[in-house]
Amino acid sequence: MKEKLETKAVGFYFIVLAALLGVISLIRYAVWAPAHDAMDVLTMAALVIGIVIGIILMVKNNDYLVIVMTVCYSIATVKLLTDSVGSFVDAIQGINMFGDSSQVGTIISIAAVMGVSILLSIISGFLKRVKE
């Protein structure tokens, strides 16, 4: 095992960290969303597919899979934010009409973790994942 890790470069560890943050995002979203009637299958599927691709990238080095993983995390983040626009409107206007303004902080924190996953996967696409 130690010999395999010695052949890995910085990009590999960024992939691992992105997948770990994807798992954290998935758990936080899966716990929060059903309680607030915000569960979305596309968001869940995009996160799961991104995590699975991250696991595949831990074994196989493929530049195209890094792009697909980034797209999956991006879809999940954008879908979460667009589905929650009513809550943001309520928070800005100080009313409770279109969503739940008390959940804006939670929505932003989940999206921020997803955003870090996106950033890490983008950066890993430009770095070496295997030492030569």
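Biologist: Which residues does Tyr29 touch, not counting residues up to four places away in sequence?

Modeller: Leaving those neighbours aside, Tyr29 touches Pro34, Ala38, Met39, Asp40, Thr43, Met44, Leu80 and Ile110, where contact means heavy atoms within 4.5 Å. The model is predicted: local features need pLDDT of at least 70, side-chain atom pairs count only at pLDDT 80 or more, and totals for chains, interfaces and linings use all residues. Residues are numbered from 1 along each chain as its sequence is written, and side-chain values use heavy atoms, without hydrogens and water.

Biologist: Why does Tyr29 count as buried?

Modeller: Tyr29 lies in helix 2, and its relative accessibility is 1%. Buried means under 20% relative accessible area, exposed over 50% and partly exposed in between, with a 1.4 Å probe and protein chains only. Tyr29 is therefore buried. Its C-alpha atom is 9.2 Å from that of Leu80, 51 residues apart along the chain.

Biologist: What makes Ser25 buried?

Modeller: Ser25 is also in helix 2, and its relative accessible area is 1%, so it is buried. Beyond four places in sequence, Ser25 touches Leu47, Ile110, Val113 and Met114.

Biologist: Why is Asp37 called exposed?

Modeller: Its relative accessible area is 76%, so Asp37 is exposed. Asp37 is in the loop between helix 2 and helix 3; it has a positive phi of about 50 degrees although it is not a glycine.

Biologist: How do you know that helix 2 and helix 4 are roughly parallel?

Modeller: Helix 2 (residues 10-35) and helix 4 (residues 63-83) pack at about 25 degrees, with their axes 12 Å apart. Angles under 35 degrees count as roughly parallel, over 145 as roughly antiparallel, 65 to 115 as roughly perpendicular and the rest as oblique. Helix 2 and helix 4 are therefore roughly parallel. The contact is made by Ile15, Ala18, Ala19, Gly22, Tyr29 and Trp32 of helix 2 and by Val66, Met69, Tyr73 and Leu80 of helix 4.

Biologist: How do the residues of the contact of helix 2 with helix 4 divide into nonpolar, polar and charged?

Modeller: Nine are nonpolar, one is polar and none is charged. Ala, Val, Leu, Ile, Met, Phe, Trp, Tyr, Cys and Pro count as nonpolar, Asp, Glu, Lys and Arg as charged, and the others, Gly among them, as polar.

Biologist: What makes helix 2 roughly antiparallel to helix 6?

Modeller: Their axes come within 8 Å and cross at roughly 160 degrees, which means that helix 2 is roughly antiparallel to helix 6. Residues in this contact include Gly11, Phe14 and Arg28 of helix 2 and Thr106, Val113 and Ser124 of helix 6. By class, the contact of helix 2 with helix 6 has 15 nonpolar, eight polar and one charged residues.

Biologist: Which residues touch the most other members of the largest nonpolar core?

Modeller: Trp32, Met69, Tyr73 and Leu80 do, in a core of 25 residues. A nonpolar core is a set of buried Ala, Val, Leu, Ile, Met, Phe, Trp, Tyr and Cys residues joined through side-chain atoms within 4.5 Å. Helix 2, helix 3 (41-59), helix 4 and helix 6 (104-126) each give two or more residues to this core, and helix 2 gives the most, with eight.

Biologist: What does Tyr73 touch, not counting residues up to four places away in sequence?

Modeller: Tyr73 touches Ala18, Ala19, Gly22, Leu47, Gly50, Ile51, Ser117, Ile118 and Ser121 beyond that range.

Terms used: Axes fitted to C-alpha atoms, helices over the stretch in contact; angles between N-to-C directions. Helix = DSSP H or I, 4+ residues; strand = E, 2+ residues; numbered from the N terminus.
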